[in-house]
Amino acid sequence: MLSAKPETPEIWIRQKAEELGFGLVGFAKVAPSRTIGIYQDWLRQGYAGAMEYLERHAELKEDPRHLLPEAQTLIALGMHYQTDDPDPVQSNNPALGRVSRYAWGDDYHQVLRAKLRELSDGIQQKFRVGDGQHRPCVDTGPLLERELAHHAGLGWFGKHSNLIHWPQGSWFFLAELLVDFPLTPDAPFTRVDCGSCTRCIAACPTDAIVADRTVDARRCISYLTIELKEAIPQELRTRMGNWIFGCDICQEVCPWNRNTPRTSEPAFQPRSGFQHPELLEWMGMNQEEFRRRFRKSPLKRTQRRGLLRNIAVALGNWGSPKAIPALGKGLRDTEPLVRQHAAWALGRIAAPESQRLLRHSLVSETDKDVRREIRDALDRHESANRIDSISDFSDNH
């Protein structure tokens with residue numbers, strides 16, 4: 001009678017990771033980065049925008065052993081977060097906002113860190129290998145995680161720069177666990193399967209994908225609504241539509257995401273109202289309401305001032321007089337950033353009440369950036385009025 005094959009660490013780790021909800025698992029030998037030069041050039045081009053922490057962490061990203069000197073293997077993991085496809089009717093309703101689907105539920109950083117700790121503890125208890133020097137990383141750790149996931153066989157870089165797995169698409173979070181013992185590495189993914197498809201490049205409303213696999217973050221809606229802490233450039237606001245936190249367009253049009261797995265993770269299930277929030281309601285949130293509503297949510301990262309800035313832009317793109325009361329309240333907000341974008345939005349609503357609110361606010365406003373925005377908004381109203389007058393004259397003569 002043949003004896004059962006001994007359970008290897010690789011087999012056990014894969015099974016344990018899958019039990020924890022990781023749909024993708026791969027192993028890579030720890031080594032210096034092969035793409036650090038590309039990353040440094042991307043930084044030199046200024047594509048990181050205001051994300052100065054990327055520059056500060058660049059040297060650490062040259063080698064995972066800068067994080068854990070004892071590291072021998074990197075366990076690359078992916079967890080799906082796709083729940084339901086958004087209703088296209090609601091997505092195209094300008095009175096409703098759009099939130100990137102990764103943020104419909106709880107903050108994935110906390111969820112994945114807890115699961116990585118459980119995986120790390122399980123490895124130690126099961127095998128007692130190495131000295132127990134492990135380092136979990138989720139997104140914020142200074143690793144070139146897409147490169148590492150690629151080397152571990154999890155997928156390839158799509159033209160939108162996200163990692164794509166065949167056949168599971170790109171709706172997944174990446175996570176890593178550095179361990180201080182050797183594991184048999186997986187073969188890197190060696191094919192590029194985007195072919196001649198350029199749907200993501202063509203679909204980006206702000207032209208943020210400036211070249212194949214190169215994204216200028218300064219133009220990306222996700223950057224503008226989350227990472228950028230100051231005013232959104234005026235020339236990009238009208239292109240943002242009703243996105244108020246992140247953007248999914250490049251992944252939504254990707255053919256590889258047609259039949260992606262759905263997650264069963266309870267933490268990622270959509271919270272009520274998060275898929276298509278009522279813009280007018282959310283614009284009225286005070287600080288306490290913001291804190292309560294977005295507890296353990298990724299949206300708390302924007303802070304109230306950033307989220308209301310984004311909502312004001314979406315309301316301006318809607319352009320309905322129904323938004324005037326909410327934007328009028330925004331024009332009186334304690335945060336200059338909110339007042340600034342509320343002024344811009346009112347400048348896009350052709351109604352006498354918009355002009356009245358802007359003129360009234362200009363009398364008492366002291367912030368120079370807000371005053372400039374109000375004047376720009378009033379100028380747009382005056383230009384529109386002149387055009388209407390010329391049109392009326394032409395029609396009557």
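Q: Okay, what am I looking at here? How many helices and strands are there in the protein?
A: This is a predicted model, and the protein has 17 helices and 10 strands. Its C-alpha atoms fill a box of roughly 100 × 45 × 40 Å along the principal axes.

Q: And how much of it counts as buried?
A: Of the 397 residues, 51% count as buried.

Q: What about contacts in the protein, what share comes from residues 24 or more positions apart?
A: Taking contacts with a separation of 6 or more, 76% are between residues 24 or more positions apart.

Q: Let's do charges. How many salt bridges does the structure hold?
A: It holds 26 salt bridges. As background, side chains of opposite charge can pair when their charged atoms come close.

Q: Give me one. What does lysine 126 pair with?
A: Lysine 126 forms a salt bridge with glutamate 7, and their closest N and O atoms are 3.3 Å apart. Lysine 126 is in helix H5 (residues 108-127) and glutamate 7 is in the segment before helix H1 (9-19), so this pair ties together parts that are 119 residues apart in sequence.

Q: Next one. Which residue does lysine 300 bridge to?
A: That's aspartate 107, with the closest N and O atoms 3.2 Å apart. The pair links distant parts of the chain, 193 residues apart. Lysine 300 is in the loop between helix H12 (287-293) and helix H13 (303-318), while aspartate 107 is in the loop between strand S3 (98-99) and H5.

Q: And aspartate 107, buried or exposed?
A: Aspartate 107 counts as buried because its relative accessibility is 10%, and the cut-off for buried is under 20%. Lysine 300 is partly exposed, at 34%.

Q: What about aspartate 333, what does its side chain meet?
A: Arginine 304, in a salt bridge of 2.5 Å from N to O. Aspartate 333 lies in the loop between helix H14 (324-330) and helix H15 (336-346) and arginine 304 in helix H13, so here the parts tied together are 29 residues apart in sequence. Aspartate 333 and arginine 304 are both buried.

Q: Which residues are linked in a network of salt bridges?
A: Asp85, Arg98, Arg101, Asp248, Glu252 and Arg262.

Q: Now what's going on with glutamate 147? Where is it?
A: Glutamate 147 is in helix H6 (residues 145-151). Glutamate 147 is buried but has no salt bridge. The nearest side chain of opposite charge is arginine 34, 5.4 Å away, and a salt bridge needs a nitrogen and an oxygen within 4 Å.

Q: So what does glutamate 147 touch?
A: Leaving out residues up to four places away in sequence, glutamate 147 touches Ser33, Arg34, Thr35 and Phe157.

Q: What about histidine 151, which helix is that in?
A: Histidine 151 lies in helix H6 and is buried, with a relative accessible area of 15%. Beyond its neighbours within four places, its contacts are Phe27, Ala28, Arg34, Asp186, Ala187 and Pro188.

Q: Switching to holes. How many cavities of 30 Å³ or more are there?
A: There are 2. The largest cavity holds about 50 Å³ of space, and glutamate 147 turns up again in its lining.

Q: Which other residues line the largest cavity?
A: Ala31, Ser33, Lys61, Asp63, Pro64, Leu143, Leu144 and Leu148. By class, the lining has 5 nonpolar, 1 polar and 3 charged residues.

Q: And the second largest cavity, what's its volume?
A: About 30 Å³. Its lining includes Arg98, Asp248 and Glu252, which are also in that salt-bridge network.

How values were computed:
Residues numbered from 1 in each chain as written. Predicted model: local features only at pLDDT ≥ 70, side-chain atom pairs only at ≥ 80, totals over all residues. Heavy atoms only, no water. Helix = DSSP H or I, 4+ residues; strand = E, 2+ residues; numbered from the N terminus. Buried < 20%, exposed > 50% of the residue type's maximum accessible area, 1.4 Å probe, protein only. Lys, Arg positive; Asp, Glu negative; His and termini not counted. Contact = heavy atoms within 4.5 Å. 1 Å grid on protein atoms, 1.4 Å probe; cavity = no way out; pocket = protein on both sides within 12 Å on 5 of 7 lines; lining within 4 Å. Points joined across faces, edges and corners; volume = space filled by probe spheres on them. Nonpolar A, V, L, I, M, F, W, Y, C, P; charged D, E, K, R; others polar.
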